[in-house]
Amino acid sequence: MMTQRRINSLIKQLFAILFLVFMLLPFFLVLINALKPRIEIIKNPMALPHALSLANFTKAWVTMKFGTVLMNTAYITAFSQILLIVFGAMLSYMLVRWDFKANKIIFTVLICAMIIPFQSLMIPFVSIFGKLGLMNSRTALIFFYMGFGMPMTTFMYHGFMKGISREMEEAALIDGCSHFYCFWKIVFPNLKPITTTILIVNILWIWNDFLLPSLVLIKDKNRTIPLSTFYFFGEYTAELGLAMAALILSVLPVVVIYLFLQKQIVTGVMDGAIK
Amino acid sequence: MYKEKSNLKSFQVFATFGLIPLLVFGIVVLIPFFSGLFLSLTNWNGSLDGKIEFIGIGNYISAVRDPAFWGSLGKTFYYVFFVMILTNTSAFLFGLLVTSGMKGQNFYRAGYFTPNLIGGVILGYIWQFIFSRVFVYFGTKTGIPFFEISWLTQPHAALWALIIVGVWQNAGYMMLIYIAGFVGIDKSLIEAARMDGASPLQMLQKIKIPMMVPAFTITLFLTLRKAFMVYDVNLSLTKGGPYNTTELISMHVYNEAFLNQNMGPGQAKAFLLFLLVAVIAVAQVAVLKKKEVDAI
Amino acid sequence: MKKAISFLLAGVMAASLTACSGSVKETAPAKQEDTKAAEQTSESKGSGEKVEISFLVTKPEIVPQFEETFKRYTESHPNVTITAIPLSGQTIYEKLTSLYASGNAPTITMVGGPEFTSFKDNFLDITDTDFAKKVYSWAQDKTKSDGKVLAVPTTAEGIGIMYNKKVIEAATGKEFDPTSIKSRKDFAQLLEEISKTEYAPVQITNKDWLLGSHLTSVLYGAVSKNYDERQAVIEACRKGEYNFADSQVFNNWMDTFDLLMKYNKYAKSPLANAYEDDQLTMASDEVAFWPIGNYIYPNIVDINPDAQVGLMPYPMGDDEAAVGNKEIVLSYSMFAIDAKQSKPEQQAAAIDFFNWLVTSKDGQDSYVNTLMFVPIFEGFEVQPTNPVAKQIVSYMEQGNTLERMSDYFPAGVMNQFGATMQQYLDGKITRADVASQFKDKWVEFSKK
């Protein structure tokens, strides 16, 4: 006799698998079509490919200049992260540990900034920074990310830092350490859990961001993955197989990293489940 | 709290820790924000070379008079409403499912989260392919009329295509927040309820949902914000089509400014969008905060 | 501990959010308006002897061909590199606006009529260059502003109805000569005949640029053979004084559109067919007629090198004498050089490039055989060999052309016309709605 429990768990598994199929099937369909020539896709987009051909991938790689694009995305994401972590942590340290009158105002402004939709900044943003000649470099984009990411990063550090005891740093200060040294030597290492979370959240944001880079990065040698995918689709809509291969290429780097770090990423996001 | 004895000392601390990030934040966010507010009250046409004259609320009047603005806003509300409801319902169910101690729950969590790893533009293209090729093929082969004609070519269905992709994209993320919530519920509470003979449904109703209000505060706030500001998926999935029927508010603002070159009214609309998001977000958080207090 | 964080965060955020609504007011005036900072001009850095120029290519389908041409030029001019900026899914207008606004104006731009009008203040006066003097005199009007030549035509393009000779002949069993279609009556008869076979008589591409700009050009081009009368119609449209509903030309244009819709392969769901698939069906001999331009020819022969397609007029009346029955729309976009944001050596390089393209043997060869362009320049030794290009040349020689009137449309309106025609195609609105929407959109967009 089947116990109630086993039936329950079976039903649960059934649902779980059903959901999983819904979440992952689109990727699978794109993948099988990336391996087919155009005619076959149009004839039957649900069929498995006849032969394993990577021709679409190699061609998409070359036309998208995927190597460059990948490096650009990595470069922009990495440097933005470093700046955000370094300065976000320091700023929140000041906000939490000192009794400056301005701190409350600064914190409130930062919080308010989190609900400003980018769309309400973008028009003046483009004309001001375009006028200053700041549109069109990866460095400028990194600078912009630092500004846009600061509220969220500071906010998350702020919340965590409040819960850290001050004993250690006070001991160090008595020993004659500067605040700066003390922060980096003693406080920052203690922030590791929240730093991981912030990194994950910010990496997912910047790696995949589209609107800001589409306004800032004009030259195609600076393009990031989402931009390059968009432009590729604008130009090669007719080459369905190629387009599918481009999608798979675009998705691949994150998915590969996810396969290795999924546990850290899932817990990281869960811990700071915000944004 | 550290106290500094002199203003000079205070300034040193500020210069070390706060100056650079606040400066960058000010330049990147505050300056465009307030310039935008100012420029929306002028006859500015996008170039900063010419004379800029103050014209009061003229841009806001022409924005409010534009029927396309209201049309787009109405569709955005429709979209936001359904994305919020459906995302949170499915995320809650996912969360419940994968915290029930079933086999392979970590695997499912990771799987459901996958769409979040990928940017909206790419997701939009993936689904464009699904809706316009796979569905249509499936419809013609099986003769199910529901799928036979591409959803993206019918105004109402195209809006629903956007909603489906929105839910699909966000549900995994929200699920993680719910999981954090479920895991955070005091085990002894559940145990006590079980001892009292509460059914699973009763437990859900009487303990889990009230205890989850903080999680709802975050998830509703986040889905609201994301849904109101959606642009990437809108661009790559429907591009506003067919015939501008799925032009959601972000795209409407973008097109007004950069496509039709109406910078002033465009900026005015952008500000109305900001006010709207701000008011709804604050109201929603305030209401749920009150519920939170009541529950505890 | 960890698990408590999310709730902690939520609490803080919620509290601050509620506080936020009150404090926005307090902090807002604290920041002063700062557009002055934006008044500073950007200085471009000097760059040695090497000259780099950029080229906005607004024909996505031939970006690789352009790049090949640039390479050939660089071989003989090693100090110059030309990079193509593709349009990449944006409209020309949108792209140019963002490029100019961000200080990244392309040295060379390809523009259509509306963009030429909007951006002409940024273009270099090229009246005295060799290549600009070679432009056929009849094509010079659109490239001028205040008597100065600011652009040159790119290539002659025809817009009309593409036919597939093989399909028509297989369906009718007779040889097909496009000049045998002298009026809409003839056309209707042929469509009826083809509809009884396995072949599809017509396919209509549902893209807004085709419906809103290319095909509407037939309408406004056919209002008169006389330039001034056409301009008068455009002017009347701008003022909202043109009565579409009672216009014979408009009704003729719609009648033909109705006819096309009646025999449309996709009549059941007219917005479902993708442009890519339309190319495929035409190339693989499945459909007889397709309203489109000859610009698609390279793609057709790319799919099927044996395709036998050609271009014929979009019929404008049952009466053989109706304007438009023997004319195709002749369209050309233009090349212009930036005067505002490019350095003198970049402008010089751009001029040299065009001199090479139009006057040298290598350049002409690239122009005709790589880019597959139909020259609107005098003195070309290399002439196009592909059959559709030859057809265009013969339409031009006989004067059987209509002006590309969408060049005079206000910016952005063509997407609106396109949206209107999509709704009509989809059966959502009536002819009267089309007339009134055309009228309204003209006025609305002329004001901007």
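This is a predicted model: local features need pLDDT of at least 70, side-chain atom pairs count only at pLDDT 80 or more; totals for chains, interfaces and linings use all residues.
Chain A contains 13 helices and zero strands. Read along the sequence, its elements follow the pattern α-α-α-α-α-α-α-α-α-α-α-α-α. The radius of gyration of chain A is 24 Å, well over the 19 Å given by the globule rule for 275 residues, so chain A is more spread out than a compact globule. The C-alpha trace of chain A spans about 75 × 70 × 35 Å along its principal axes. Of the 275 residues in chain A, 53% are buried. Among contacts in chain A between residues at least 6 apart in sequence, 78% join residues at least 24 apart.

One residue of chain A was examined individually. A34(A) belongs to helix α1 (residues 4-34) of chain A. A34(A) counts as buried because it has 24 C-beta neighbours inside 10 Å, where 20 or more are required. Leaving aside residues up to four places away in sequence, A34(A) touches N56(A), F57(A), G241(A), M244(A), A245(A) and I248(A). The C-alpha atom of A34(A) is separated by 8.4 Å from that of L247(A), and these two residues are 213 residues apart along the chain.

Chain B has 14 helices and zero strands. From the N terminus on, the order of elements in chain B is α-α-α-α-α-α-α-α-α-α-α-α-α-α. Along its principal axes, the C-alpha trace of chain B extends over about 75 × 75 × 30 Å. Buried residues account for 52% of the 296 residues of chain B. Of the contacts in chain B with a separation of 6 or more, 70% are between residues 24 or more positions apart.

Chains A and B are in contact with each other. The contact takes 82 residues from chain B and 70 residues from chain A. On the side of chain B that touches chain A, helix α2 (residues 19-39) of chain B gives the most, with 14 residues. Sorted by class, this side of chain B has 59 nonpolar, 17 polar and six charged residues.

Chain C is divided into two domains. Domain 1 of chain C covers 30-156 + 332-378, and domain 2 of chain C covers 158-330 + 392-447. Taken over C-alpha atoms, the centres of domain 1 of chain C and domain 2 of chain C are separated by 30 Å. The contact between the domains takes ten residues from domain 1 of chain C and 13 residues from domain 2 of chain C. On the side of domain 1 of chain C that touches domain 2 of chain C, the largest share, three residues, comes from helix α4 (residues 113-119) of chain C. By class, this side of domain 1 has five nonpolar, three polar and two charged residues.

Chain C also holds an open sheet of five strands, with mixed pairing and the order β2-β1-β3-β12-β6. The strands at the edges are β2 (80-86) and β6 (152-153) of chain C; each has a single partner strand, so one side of each is left without a neighbour in the sheet. Strand β1 (residues 51-57) of chain C runs parallel to β2(C), and seven bridges join the two. Within this pair, L56(C) has I85(C) in β2(C) as its bridge partner. β1(C) is also parallel to β3(C), to which two bridges join it. Here the bridge partner of F55(C) is I108(C) in β3(C).

β3(C) and β12(C) are paired in the antiparallel sense, over four bridges. In this pairing V111(C) stands opposite M334(C) in β12(C). Both faces of β3(C) are covered, with I108(C) and M110(C) buried on one side and T109(C) and V111(C) buried on the other. Helix α13 (residues 344-359) of chain C lies across β1, β2, β3 (108-111), β6 and β12 (334-337) of chain C. Relative to β1(C), helix α13 of chain C runs at about 60 degrees.

Terms used. Residues are numbered from 1 along each chain as its sequence is written. Chains are lettered from A and ligands numbered from 1 in the order in which they are written. A residue is buried if 20 or more other C-beta atoms lie within 10 Å of its own, exposed if 12 or fewer, and partly exposed in between; C-beta atoms are placed from the backbone. Two residues are in contact if their C-beta atoms, placed from the backbone, lie within 7 Å. Ala, Val, Leu, Ile, Met, Phe, Trp, Tyr, Cys and Pro count as nonpolar, Asp, Glu, Lys and Arg as charged, and the others, Gly among them, as polar. Two strands pair if DSSP finds at least two bridges between them. Axes are lines fitted to C-alpha atoms, for helices over the stretch in contact, and angles run from 0 to 180 degrees between N-to-C directions. Domain bounds come from an automatic or database domain assignment. The radius of gyration is taken over C-alpha atoms; the globule rule is 2.2 Å times the number of residues to the power 0.38.
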